Amino acid sequence: MRFNELNLSQEIIDAVEELGFTEMTDIQQQSIPLLLKGADVIGRSNTGTGKTAAFGIPAVESITDVNKKSVAVLILCPTRELAMQACEEIRKFSKYKRIVKTSAVYGGASMERQIMELKRGANIVIGTPGRVIDHINRHTLKLDNIRTVILDEADEMLNMGFREDIESILSKMPEEKQTVLFSATMPPEILAITEKYQHEPVQIKIKSAQKTVESVKQYYFMTAMGRKTDALKLLLTAYSPESAMIFCNTKKMVDELTEELVKSGIRATGLHGDMKQAQRTQVMNSFKSKSTSVLIATDVAARGIDVSDIDAVFNYDIPQDNEYYIHRIGRTGRAGRTGNAYTLITSRRQQYELKDIAKYTKAEITELPLPDKADIIETKKEKIIQKIVEMPSAPDNVSDILDKLASMGIDYHEVSARIINSILQKEIESLPEFDMPKPLKKGKKSGAKTVKIDISIGRSKRIAPNFILGALVDATGMSGKDFGKIDIFDNHTTVEIPETETDYILDTTNPMKINGNKVEVRLYKGNAVKEKTDKVRRTEKASKPDRRKSAYGRRKKSSIFGDYTPNRKKRTKKRH
Ligand code: ADP
Ligand code: MG
């Protein structure tokens, strides 16, 4: 069904047409007629299915001269970005309907400006619950004439702890009104609100996000826990997406990962709820305009954000909830394009979790090997060749430079080699320094020979065994059970490890941080295999013919990582 088949006023039809909308989406087709009639509605539909228009168009249509100067529609959204975004879109629908005045009210922005907009007679107000309450308390937002209240992303608002605020707002409104609720999921808390505040609501449920999910190809990669960032750098370099979103489960991780990627020369920015409004707006704008190509965000910060041409979504952390997964990958593959979603997995358990997600989304999530560093470099070389072939031949205005260089002993070949090399280095600057270690799976044989490692931190730094174990598990991706006795001394700590894993553990734990302190990990020099100095250890390693014989390494051979150069080789090489 098309928008112009609805009984909408010409001003709105014109505006919608101008936006390029012709056919309605399912949720729009089902909810707009009901909302125009004034019914209470519960709408469930996935992200990217056009819910803003589903409630925004009827809201704009509902404004008449009677509401010229008072708030008639209140829309609550979970975050500032969503409120701003919904407001922008509704402004577009009301472009030709002059009596509609919208105002977005959210925290972290000037109160004065919002008060002014409200005073000027805003009749559609879009806001976050906290700031809306603020305005209600200051009497700058009056609820007496409200006829429609809309809760957008209701489940997310409850997740964020807005239940009390929402109830307080709803209870202050006139009895006689239309209450509309959009939500991706229907937890019991929502039903409670529905029962209390809605009147014979009509439920609309659009079957799962086929549309979103089908247009997104989904993959996952296995990697060691401590190597997720390196894995991500490899992937970003290999795929070089023009626009990508990376999801983390915590704000702290967003900050750390952003810093790490920026350090590697990747144009990345982070987005999360602790940031100042101005900063968040700036981040969004630079991502939308492609000045930054990678946006790292938490679920809450990114919820509902509408950027239409994202090539790839990376789940740095596996989402805590199936719905989150759908929301995350729904950021790509929008508006008729296809997109790719990649998830990093660091354990068996997570692999099972992902299987569960795949079942839930009825989609296939295919395992892929992490790209090999050498392959990436080869591909980049090919690309450079391609680029140079496609370049227009240069006008003869640089031969003087070439001649000058030649006179300095840098001939044409050397000039091209230097330039090409600098392009190549730029392309691969974010590649991690070491190759990726094999994926780790449990499989410790009992009675295996052990050695001890020595970690340069001890009791004087208030270190407890669980800090040590946590850091080791984190860095190596091994299981806590793989590590033996931990002895904490004043200034150092020893930990028993399986001998077969010595090289791997030393590779993956240097550098390592424990409780914020950078530590050094080496083989403990005070016991049998043990008495060897660093130098001896290295020599011995270099002469060991096949490192893959280790318990972990054996699995490696058949692993998704393919062959790789052991880090050890590199280190030894550097020394010579
Ligand atoms: P949701 O709130 O369901 O996640 P949005 O309202 O943010 O989805 O809409 C997603 C995108 O789809 C927006 O860019 C919007 O402009 C666009 N859109 C919405 N309805 C239509 C339509 N009927 N035809 C084309 N594009 C649409
Ligand atoms: Mg939305």
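The crossing of α2 and α3 is right-handed, a crossing being right-handed if the near helix is turned clockwise from the far one by less than a right angle, and left-handed if anticlockwise. This is a predicted model, in which local features need pLDDT of at least 70 and side-chain atom pairs count only at pLDDT 80 or more, whereas totals for chains, interfaces and linings use all residues. Residues are numbered from 1 along each chain as its sequence is written, and side-chain values use heavy atoms, without hydrogens or water.

The axes of α2 and α3 lie 9 Å apart, at an angle of about 25°. The two helices are therefore roughly parallel, a term for angles under 35 degrees. Contact (heavy atoms within 4.5 Å) involves, among others, Ile27, Ile32 and Leu36 of α2 and Ala53, Phe55 and Pro58 of α3.

The largest nonpolar core has 40 residues, of which Ile57, Val73, Ile75, Ile90, Ile124 and Ile126 touch the most other members. Such a core is a set of buried Ala, Val, Leu, Ile, Met, Phe, Trp, Tyr and Cys residues joined through side-chain atoms within 4.5 Å, where buried means under 20% relative accessible area. Elements giving two or more residues to this core include α2, α3, β2 and β4. A second, separate core of 29 residues includes Ile136, Leu158, Ile166 and Tyr197.

Arg328, found in helix α15 (residues 322-329), is buried, with a relative accessible area of 1%. Its side chain forms polar contacts (N or O atoms within 3.5 Å, one able to donate a hydrogen and the other to accept it) with the side chains of Asp299 at 2.8 Å and Asn315 at 3.1 Å.

How values were computed
Chains lettered and ligands numbered in written order. Helix = DSSP H or I, 4+ residues; strand = E, 2+ residues; numbered from the N terminus. Buried < 20%, exposed > 50% of the residue type's maximum accessible area, 1.4 Å probe, protein only. Axes fitted to C-alpha atoms, helices over the stretch in contact; angles between N-to-C directions. Parallel < 35°, antiparallel > 145°, perpendicular 65-115°, else oblique.
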